[in-house]
Amino acid sequence: MPLRRTCPFDPPPGLAELRAAEPITRRVMPLDGTELWLVTSHDLVRRMLADPRWSSSLDGGLSPEQPLHVTQPEPGMFISMDAPEHGRYRRMLTAHFTVQRMNRLRPRIEQIVAERLDAMERLPRPVDLVAEFALPVPSLVICELLGMPYEDRAEFQAAARVIVDMTASPEQIDAAVAGLAAHLAKLIAAKREEPDDALIGELIREGALTDGELVQISMLLLVAGHETTANMLGLGTLLLLHHPDQLALVREGAPGAADELLRYLSIVDLVMFRGAKEDLTLGGQEIKAGEFGLASLAAANRDPALCEDPDRLDVTRPKTAHVALGFGPHQCLGQNLARLELEIALQALLRRFPGLRAAVPLEEVPVRENAAIHGVHSLPVIW
């Protein structure tokens, strides 16, 4: 199973060859020896992720201490649920994440970005773009959206790092989840007394969810809502610094830049596990009930069947049907917010600092090699 990227911008070596020769093939997870079906072509990945016969109620698979297995998710943790439970939660939340609702946040996101750029400008150089910009911006935005005090960010950021760390033990992950859940339970109890106009307050007023469900939903949105965008901002900036022609286009406001960066980098890749709930066929392969599958989003997004010259970064490329945000019923709930944050933050950063450049060579930038969400730990920059 090809897992490790040798270049921070490209999928793990070997996936392209597998996609061309065996777009669905039997492979073994190197960490725990689990056998599964690896799916690498764009067409088959979409078919797999849209097929209700593949279950999302799985856990583990990234650690020898926590092998892949079927799980019973906590009420509210809808990312690990199948229909009809998954659909019930999604319907409650979808109206809160429409393009129109997200655009109402634009002025506040622009203000947050401007404040972080002001703070960066006052610091001695080099400045760590991840610590001072890429991580604070989406953290502030998700706190604003949920109605969570930004002073709590250190606690939820630390918990999120453990939760997405593929080398963390089950005990460490359980402790991080329990600590974050306890913190959120206190916040939700306080908001029941005085609900505000943020998302948690709105869900409380709608009255359809228990405190336990609200805790799980808030945890999911909190972790997913800042880890993914933070890593896209850090790694996306590094990518653009190594493609100055594309950087100039992003600075000028290329409308498709966010989607092309999402497609090209595919920071959420080899964690899209599914389990066959019944015997089925995919790509001519007979798959038995109880067998596991893994969709490689990075391989699918570099499939020549998706777009012309897929290994070339082109922020003016016509919008593609990429799967960087997933596909089917589990497609990313916050995708409209993610696109908006990337658009606002990258344009503002590159306009404020037109001479922005990395302060260290590419090979010295520390890459998140053992995280379920790909990115960089830090990025020293100067201008």
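This is a predicted model: local features need pLDDT of at least 70, side-chain atom pairs count only at pLDDT 80 or more; totals for chains, interfaces and linings use all residues.
How close do the axes of H11 and helix H15 come, and at what angle do they cross?

Residues are numbered from 1 along each chain as its sequence is written, and side-chain values use heavy atoms, with hydrogens and water left out.

**View 1. Helix H11 meets helix H15.** Helices (H or I, at least four residues) and strands (E, at least two) are DSSP runs, numbered from the N terminus. The axes of H11 and H15 (residues 335-352) come within 10 Å of each other, crossing at roughly 40°. Axes here are lines fitted to C-alpha atoms, for helices over the stretch in contact, and angles run from 0 to 180 degrees between N-to-C directions. H11 and H15 are therefore oblique to each other (under 35 degrees is roughly parallel, over 145 roughly antiparallel, 65 to 115 roughly perpendicular, and the rest oblique). On the H11 side, the contact is made by Gly225, Thr229, Met232, Leu233, Thr237 and Leu240. H15 brings Ala338, Glu341, Leu342, Ala345, Leu346, Leu349 and Leu350. Contact means heavy atoms within 4.5 Å.

**View 2. Helix H9 passes helix H11.** Here the axes come within 9 Å and cross at roughly 115°. This crossing is right-handed. From H9, the residues that meet H11 include Val177, Leu180, Leu184 and Ile188. Among their H11 counterparts are Leu214, Val215, Met219 and Leu222.

**View 3. The buried side of helix H8.** Look for Phe156, Gln157, Ala159 and Ala160, which are buried in H8 (residues 153-163). Buried means under 20% relative accessible area, exposed over 50%, and partly exposed in between (1.4 Å probe, protein chains only). These four cover an arc of only 165° around the axis, which puts them on the same side of H8. The arc is that of the directions from the helix axis to the C-beta atoms. Packed against the buried residues are helix H7 (136-146), helix H9 (170-193) and helix H11 (211-241).

**View 4. Helix H12 and its glutamine.** Not counting residues up to four places away in sequence, glutamine 246 touches Leu240, Leu313, Asp314 and Val315. After H12 comes glycine 253, with a positive phi near 95°.

**View 5. An open sheet of five strands.** The 5 strands are arranged in the order S1-S2-S10-S7-S3, with mixed pairing. S1 and strand S3 (54-55) stand at the edges, each with a single partner strand, so one side of each is left without a neighbour in the sheet. Two strands pair if DSSP finds at least two bridges between them. S1 (residues 24-28) pairs with S2 in the antiparallel sense over 5 bridges, and threonine 25 stands opposite leucine 38. The two strands form a hairpin with 6 residues between them, and glycine 33 in the turn has a positive phi of about 80°. S2 also runs parallel to strand S10 (residues 292-295), joined by 4 bridges; there, tryptophan 37 has glycine 293 as its bridge partner. S2 (residues 35-39) is mostly covered, with 4 of its 5 residues buried. Helix H2 (residues 42-50) lies across the strands, at about 125° to S10.

**View 6. Phenylalanine 9, ahead of the helices.** This residue sits in the segment before helix H1 (15-21). Phenylalanine 9 is buried, with a relative accessible area of 6%. Leaving out residues up to four places away in sequence, its contacts include Leu235, His242, Tyr264 and Arg302.

Conventions:
A crossing is left-handed if the near helix is turned anticlockwise from the far one by less than a right angle, and right-handed if clockwise.
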